[in-house]
Amino acid sequence: MIRRTGLFELAICFCGGLILLFVLAPLIGMILHSRVASLCETASDSEVLKSIRLTVLTSLGGAAVLSIFAVPFAWFLARRQFAGKRLLSAIIDLPVVIPHSTAGIALLSVLNRDSLPGSIAEYFGFSFIGNPIGISVAMAFVSLPFLINAARDGFSAVPERLEKAAMTLGASSARVFFSISLPLARRSVMTGFVMMFARGLSEFGAVIIVAYHPMITPVLIYERFTAFGLSHARDAAVVFLIVCLAVFILLRTLSAERNHAEN
Amino acid sequence: MLKIDGLAVRLGNFELSAASFNVGKGDYFILLGESGAGKTVMLELIAGLIEPDQGKIFLDTFDLSNVPIQKRDLGLVYQDHALFPHMTVRQNIGYSLPDKQKSQVEELAGQVGAESLLDRWPATLSPGESQRVALARTLARRPKVLMLDEPLASLDTPSKAGIRSLLRHINAAGQTIIHVTHDFEEAVALANRVAVIEKGRVVQVGTPEDVFHSPRYQFVASFVGIKNFFRGKTEIQGDSHFFHAGQAVFAVSPCVIGSGSIIFASEAVTLSPDKPHGSARNSFPGTVAEIEPVPNGFEVSVDIGVRIFSLISRVSFEEMGLATGKKVWASFKASAIRFIPDGETS
């Protein structure tokens with residue numbers, strides 16, 4: 001069947017092209033302005049490598065630890081009806097809408113040495129401030145909604161009858177969660193995890209207030225920009241961009257594996 | 001064995017009201033009702049998946065009110081079978097079995113004719129095969145009562161016959177079964193006891209013979225093809241008995257006085273263009289409201305204040321020149337009417 005392309009479809013294609021250009025142009029421009037030799041030099045710069053390792057590990061660590069609490073909570077939100085559920089959902093989305101420097105200030109006030117969490121940390125011999133754990137907390141704080149929302153949608157899509165059937169077959173609530181709900185919502189949970197991790201990698205505003213040092217890559221790029229100018233900062237930014245894309249593609253590929261629930 | 005005592009629940013706009021019935025050991029008990037009547041809710045209440053607002057469930061005289069779902073000794077097979085899509089058939093059947101008993105999976109699959117399906121994924125099974133697997137998975141728990149939600153609804157005719165035979169076989173082996181359906185034929189074919197549920201109320205319980213020969217509700221009567229069904233009450237006027245059904249008053253044979261239902265066959269109602277002079281005590285002028293061709297003639301609905309149905313031959317139909325809106329007389333004998341007094345539902 002021959003399908004004519006109408007004016008409306010052409011207009012939509014034009015809009016889509018503009019959007020793609022808007023996203024890709026700055027990134028491609030940045031890459032094109034970099035020289036291969038200086039990129040290679042930056043990629044072997046121990047300070048850059050150290051900061052990239054720290055960024056990836058703190059973001060991954062924060063996402064992994066928070067998942068233990070957030071994923072069962074997302075199931076609870078998907079399955080249970082209770083008074084105040086809408087309010088609770090709004091609270092969960094709060095970190096997305098507040099300015100991240102504000103989030104950093106808020107975190108600083110609960111993680112400093114005079115606060116209860118700060119004093120407990122000090123008792124165990126460390127401080128959140130200026131510590132990778134503080135960085136992880138800041139990253140997780142701003143990126144947690146991505147995990148909870150995706151996981152909640154995933155659990156909602158699992159037919160409740162499967163969980164009920166498992167219960168009538170003698171399975172405890174915990175077994176139902178781990179053997180039915182979680183495997184069937186795995187794809188959404190993994191997508192949420194990847195989104196949380198990716199969002200954590202790019203966090204700057206909250207982290208710079210909680211822990212300027214040790215330096216994560218976004219802070220390092222900012223410091224190089226203010227100290228040495230655009231070209232120095234750009235090389236570090238391109239290297240970081242390549243690492244982020246590689247990690248992102250890897251995790252998306254792992255999470256995109258089709259599961260039987262979606263057949 | 002299983003006693004349902006005054007079970008009631010409100011779920012949004014739906015209300016299941018004070019349902020009571022008993023299911024004996026080895027019974028094939030069919031809960032018959034239209035879509036939305038509350039059949040699945042009843043099963044989920046018994047299974048413990050929904051908490052009742054009032055009422056109790058007893059299994060072997062033991063109150064199940066505070067017994068968790070997992071320990072109720074009841075099995076439930078959903079209409080859509082609810083097979084776990086991320087597990088093979090073998091894993092599905094073995095889901096409730098402890099590791100030491102996983103070898104029973106083959107035996108269970110053999111019982112339901114699913115031995116060749118063990119390594120397949122649920123998405124690749126036909127509805128009939130899925131039903132067999134769901135049955136095997138539930139039977140693995142050796143439930144005291146097996147509850148089936150519309151087990152034949154999604155099946156084609158050959159699969160239906162196979163599953164029906166399998167269910168009969170499982171019941172014959174001593175398994176108590178509660179089966180909910182909207183299909184009258186399933187009840188006739190399988191049940192030794194039937195309950196009828198209508199709009200959240202269990203309205204009639206008995207053997208299939210009791211329920212279908214003496215329907216107390218329009219819903220049941222319509223199942224067995226009785227269209228002339230009216231609810232009302234009998235009265236004596238002089239020496240005669242009459243049945244008042246809204247605007248219509250029917251002469252009936254002597255019977256108990258009180259509320260109940262009357263039924264009479266469409267074949268018993270004759271139509272004539274003029275007032276008949278025969279012995280029929282019930283003669284009413286009316287208007288032809290609807291004509292429906294049926295294999296052995298025409299079913300004519302006549303409005304006499306209420307609608308009554310008459311089955312007439314093609315020859316009579318043509319002789320009278322019947323058409324919608326035509327004035328006719330409908331007549332039938334008092335002895336053709338059967339009065340069914342209201343009584344206990346079980």
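A salt bridge is taken here as a side-chain nitrogen of Lys or Arg within 4 Å of a carboxyl oxygen of Asp or Glu. In this predicted model, the side chains of Arg224(A) and Asp45(A) meet that criterion, with an N to O distance of 2.7 Å. Arg224(A) belongs to helix α12 (residues 217-228) of chain A, whereas Asp45(A) sits in the loop between α2 (36-43) and α3 of chain A, so the pair ties together parts that are 179 residues apart in sequence. Over all chains, the structure holds 19 salt bridges.

**Chain A**

The secondary structure of chain A consists of 13 helices and 0 strands, and its pattern along the sequence is accordingly written α-α-α-α-α-α-α-α-α-α-α-α-α. Along its principal axes, the C-alpha trace of chain A spans about 70 × 65 × 30 Å.

**The interface of chain B and chain A**

The size of an interface is often given as the accessible area lost when the parts come together. Between chain B and chain A, the buried area is about 2000 Å², and carbon and sulfur atoms give 66% of that area. Gln70(B), His86(B) and Tyr95(B) together supply 33% of the area that chain B buries against chain A, which is more than any other three residues. In terms of residues, the contact takes 25 from chain B and 21 from chain A.

Across this interface, the rule finds 2 salt bridges. In a salt bridge between the chains, the side chain of Glu44(B) meets that of Lys164(A), at 3.1 Å from N to O. Polar contacts between chain B and chain A are counted for 5 residue pairs, with both residues at pLDDT 80 or more. On the side of chain B that touches chain A, the elements that give two or more residues are α1 (39-47), β6 (74-77) and α4 (127-139) of chain B; of these, α1(B) provides the largest share, with 3 residues. By class, the residues on that side of chain B divide into 14 nonpolar, 6 polar and 5 charged.

**Pocket and cavity**

The largest pocket has a volume of about 540 Å³. It is lined by 25 residues, of which Met167(A), Gly48(B), Leu49(B), Ile50(B) and Ile69(B) are the closest to its centre. The elements that give two or more residues to this lining are α3 (46-79), α8 (160-168) and α9 (173-184) of chain A, together with β4 (54-59) of chain B, and α8(A) gives the most, with 4 residues.

The count of cavities of 30 Å³ or more comes to 1, and the space in the largest cavity is about 30 Å³. From chain A and chain B, the residues lining the largest cavity are Ala165(A), Thr168(A), Leu169(A), Leu76(B), Tyr78(B), His81(B), Arg137(B) and Thr138(B). At least two residues of that lining come from each of α8 of chain A and α4 of chain B.

The table sets out the linings by residue class.

| Lining | Nonpolar | Polar | Charged |
|---|---|---|---|
| Largest cavity | 4 residues | 3 residues | 1 residue |

How values were computed: Residues numbered from 1 in each chain as written. Chains lettered and ligands numbered in written order. Heavy atoms only, no water. Contact = heavy atoms within 4.5 Å. Buried area = accessible area lost by both parts, 1.4 Å probe. Polar contact = N/O pair within 3.5 Å; in protein donor to acceptor, adjacent residues only side chain to side chain. Nonpolar A, V, L, I, M, F, W, Y, C, P; charged D, E, K, R; others polar. 1 Å grid on protein atoms, 1.4 Å probe; cavity = no way out; pocket = protein on both sides within 12 Å on 5 of 7 lines; lining within 4 Å. Points joined across faces, edges and corners; volume = space filled by probe spheres on them.
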